[in-house]
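Please consult the sequence and the structure shown below alongside the text.

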Amino acid sequence: MKKCFMDYLPEELLEMGIEPKFRVKQLYNWVYRKYVGDFEKMSNLPKDLRAKLKEEFYINPLELVNHEVASDGTEKFLFKLHDNHTVETVLIKMKDERIENGKKKEAKWTVCVSTQVGCKVGCAFCLTAKGGFVRNLSAGEIVAQVWFMKKFKNFDENKALNVVYMGMGEPLDNYDNMVKAIKIIAHPDGLNISPKRQTISTSGIAPKIKRLGEENLGVNLAISLHAVDDKLREELIPLNKAYNIQSVIDAVREFPIDKRKKVMFEYLVIKDVNDDIASAKKLVKLLNGIPSKVNLIYFNPYPGSPYKRPDEETMKKFQRYLLDRGITCTIRESKGIDISAACGQLREKELKSCTPPEFKE
């Protein structure tokens, strides 16, 4: 059975008999710098090596089956895997191309990748949870989502993207494959996206936050908090029964943070659930002493959801309370709201209703 090339670090390829070392570097460059998905097109590799690679490996584990573009430029992709299960990836334009201080600045993009088919956490507000957990993605299936975006958009090989592990699934529940994907994505002979540009978003598996910190990979950390007391958080995030808010906060306090960075706390604001000033007061107390940034996120409604989107005035009051007390706080408008960009929404749609764009290897 063929193996996925993107599942392997260079040292592992060497151990598998792909040598000498410079050949592995050439391979990585063909795949990750030139976005070539066919071994036959790797012209500077010996013919017998190309034949061996073709016999033992395939490169891209993803098949595009749906693609939607929102009015704000956000793009949502639905991919089919080898076992016919599907996962979603979102490409978000954070800033347009612009002129700053007389210099031309490139557009800034963020790729939101999935780490699992489905999810075990079961958050009450998340559509991904409704389909249950199917399986973990391999490292290669995670890496390929980033590779695909660069290839699809024809980005320059040196174009750095921000990568957030914030799509379908709980990243820390697929710990080993996620860590391996981080290393492959960061490898200088490959996509060369620094760990400083990679952010792990977790619903709060406290022991694995601690383990991730001990590995000191240099990645950023985001906590999906969403509530400031255990009773409400258990309602929203059942995982809180195993790892309550205090255990998560304690693990965060031990996490190594670059002095120029902050721990991001994601706070999904739901109308009449967690949008009051009393909650803001508790949040300030909870984050005391942690270099933190709070992202207030409008709940992105989906059909059948019992929760509602908060109004703008309430969001601004909540934000102002945090800012006045020295906590960096932004309001992050939901991206791609007109294309079902919340995790799991595109996956729920009938695939036959949308013809995917042409995409060639």
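Asp272 is exposed, at 65% relative accessibility, where exposed means over 50% relative accessible area, buried under 20% and partly exposed in between (1.4 Å probe, protein chains only). The model is predicted: local features need pLDDT of at least 70, side-chain atom pairs count only at pLDDT 80 or more, and totals for chains, interfaces and linings use all residues. Residues are numbered from 1 along each chain as its sequence is written, and side-chain values use heavy atoms, with hydrogens and water left out.

**Backbone geometry**

- Asp272 is not a glycine, yet its phi is positive, near 60°.
- The loop that holds Asp272 runs between strand 14 (263-269) and helix 9 (277-286); helices (H or I, at least four residues) and strands (E, at least two) are DSSP runs, numbered from the N terminus.
- Tyr35, also not a glycine, has a positive phi of about 60°.
- Tyr35 is placed in the loop between helix 2 and helix 3 (47-56) and is buried, at 7% relative accessible area.
- A cis peptide bond, with omega near 0°, joins Glu19 to Pro20.
- Pro20 belongs to the loop between helix 1 (10-15) and helix 2 (21-33).

**Surroundings of His187**

- His187 sits in the loop between helix 5 (175-186) and strand 12 (198-202), and its relative accessible area of 17% makes it buried.
- Leaving aside residues up to four places away in sequence, His187 touches Pro10, Tyr28 and Asn192, a contact being heavy atoms within 4.5 Å.
- A polar atom of the His187 side chain lies 3.1 Å from the backbone nitrogen of Asp189.
- Between His187 and Ile245 the C-alpha to C-alpha distance is 35 Å, with a separation of 58 residues in sequence.

Key. A polar contact is a pair of N or O atoms within 3.5 Å; within protein, one must be able to donate a hydrogen and the other to accept it, and residues adjacent in sequence count only if both atoms are side-chain atoms.
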